[in-house]
Amino acid sequence: MKLKSLICIGLAALMLTGCTQTPDTTTTATTTTAPVTTPAPKEHLHLEEGTAFPASFNLEDSEATERLFDMCEILDGVIVKVRPKSQTITMSAKVNGKKFTLNVNLSGSNGNTSPEQIVTCAKLFWYCYPQMYARFAAKTTPTTITLKFEDFGYEVASASGNEVHIHDKWLKNNPEDFDCLTHEFSHIMQGGWDGNWLPTSGEDTYMIERFADYCRYLYSFKRGYYNDMCWSLQTSQTESSYVTGVRFWVWLDYTYSTKDIDIIARMQKEITEKNFPRADWTNDGKAWDVIFEGTGALGKTLDELWDEYIASDLDTPTTKPREQGGRNALEGKAPLRQSIRDRYPEADDYLKVK
Ligand SMILES: [Zn+2]
């Protein structure tokens with residue numbers, strides 16, 4: 001088997017549901033003079049050190065559940081609210097001045113994913129989503145995301161619009177695979193992608209999944225703490241071209257993006273804005289001239305870049321760590337994950353998420 005592949009929604013769903021509607025902000029002027037009261041800030045509900053997670057949530061006990069989800073220690077200002085009726089836990093916080101909201105919906109869950117695993121999934125969101133948003137978001141990219149744990153539907157996980165679904169049994173059976181969610185959260189950046197306006201190879205709109213796995217590698221929770229134990233970047237031995245190669249795009253970005261020119265973010269923008277039909281995205285298509293403008297990749301075809309990549313010393317090092325949390329051999333060769341942080345220093349906030 002190749003990668004532990006994710007089952008993702010098709011392009012059609014992305015095309016149909018990629019955007020959120022901007023709320024109607026038209027207001028009627030009022031002359032009310034009622035005093036404005038500001039609620040007192042809520043005291044943080046930190047878990048006592050060493051507190052064990054319960055075997056299951058009791059959403060009726062809002063305070064105990066809020067305490068489990070409280071992330072004030074790891075990200076300032078997260079407000080947690082439990083809604084027992086809809087079996088939803090809502091977390092909101094501002095990250096770098098932008099408000100994000102995560103709704104964790106357990107109404108389809110059968111309790112196969114443990115409370116500790118669910119909280120880890122929420123932490124993962126706060127770690128990876130604002131980072132990806134800062135780099136890739138379009139005007140319509142949602143900042144309110146719903147994460148549903150469901151004991152039905154896709155075997156692994158899926159994304160559509162501003163919703164991500166993960167099967168309730170997936171983490172029970174694959175307890176290290178949290179970063180399948182990093183992959184799914186990155187699909188939310190692809191609202192507006194359309195199969196007629198992006199790189200394709202026959203029927204394969206390959207860049208959709210390559211982009212999501214590129215993000216999975218670079219934004220994986222705790223710099224790959226879980227991810228690298230259970231999922232790895234393939235080499236050119238098993239991925240034979242840029243159409244199938246995830247590592248190629250990691251290499252391309254690392255090698256040719258600069259502090260001021262971000263090749264992957266440019267590509268995301270051109271695709272989202274539907275600036276080039278698929279005929280312009282061929283091996284030597286003119287879309288690449290725009291994306292590579294100002295970089296050392298300009299004037300090279302993707303096949304030429306592929307040959308350069310497989311001759312580089314980044315094609316073969318493994319991304320499997322010797323031990324959990326240890327640095328993998330590829331990162332030892334080139335600090336790929338750090339290079340993204342260096343280019344986007346505002347991401348420092350997210351690294352507090354432990
Ligand atoms: Zn996918």
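In which helix is the place of Phe69? In this predicted model, local features were taken at pLDDT of at least 70 and side-chain atom pairs were counted only at pLDDT 80 or more, whereas totals for chains, interfaces and linings use all residues. Residues are numbered from 1 along each chain as its sequence is written.

Phe69 belongs to helix H2, which covers residues 62-69; helices (H or I, at least four residues) and strands (E, at least two) are DSSP runs numbered from the N terminus. With 23 other C-beta atoms within 10 Å, Phe69 is buried, a term applied at 20 or more such atoms, with C-beta atoms placed from the backbone. Neighbours within four places in sequence being left aside, Phe69 is in contact with Val80, Ile89, Met91, Val119 and Ala122, contact requiring backbone-placed C-beta atoms within 7 Å. The C-alpha atoms of Phe69 and Ile118, 49 residues apart in sequence, are separated by 9.2 Å in space.

Six strands form an open sheet of mixed pairing in the order S1-S2-S3-S4-S6-S5, where pairing requires at least two DSSP bridges between two strands. Strands S1 (79-83) and S5 (157-160) stand at the edges with a single partner strand each, so one side of each is left without a neighbour in the sheet. Strands S3 (residues 98-108) and S4 (residues 144-150) run parallel and are joined by six bridges, and Leu102 has Ile145 in S4 as its bridge partner.

Helix H3 (residues 115-136) lies across S2 (88-95), S3 and S4 and runs at about 150° to S3, angles being taken from 0 to 180 degrees between N-to-C directions of axes fitted to C-alpha atoms, for helices over the stretch in contact. Helix H5 (residues 180-187) lies across S5 and S6 (163-167), at about 15° to S5.

Conventions: A residue is buried if 20 or more other C-beta atoms lie within 10 Å of its own, exposed if 12 or fewer, and partly exposed in between; C-beta atoms are placed from the backbone. Two residues are in contact if their C-beta atoms, placed from the backbone, lie within 7 Å.
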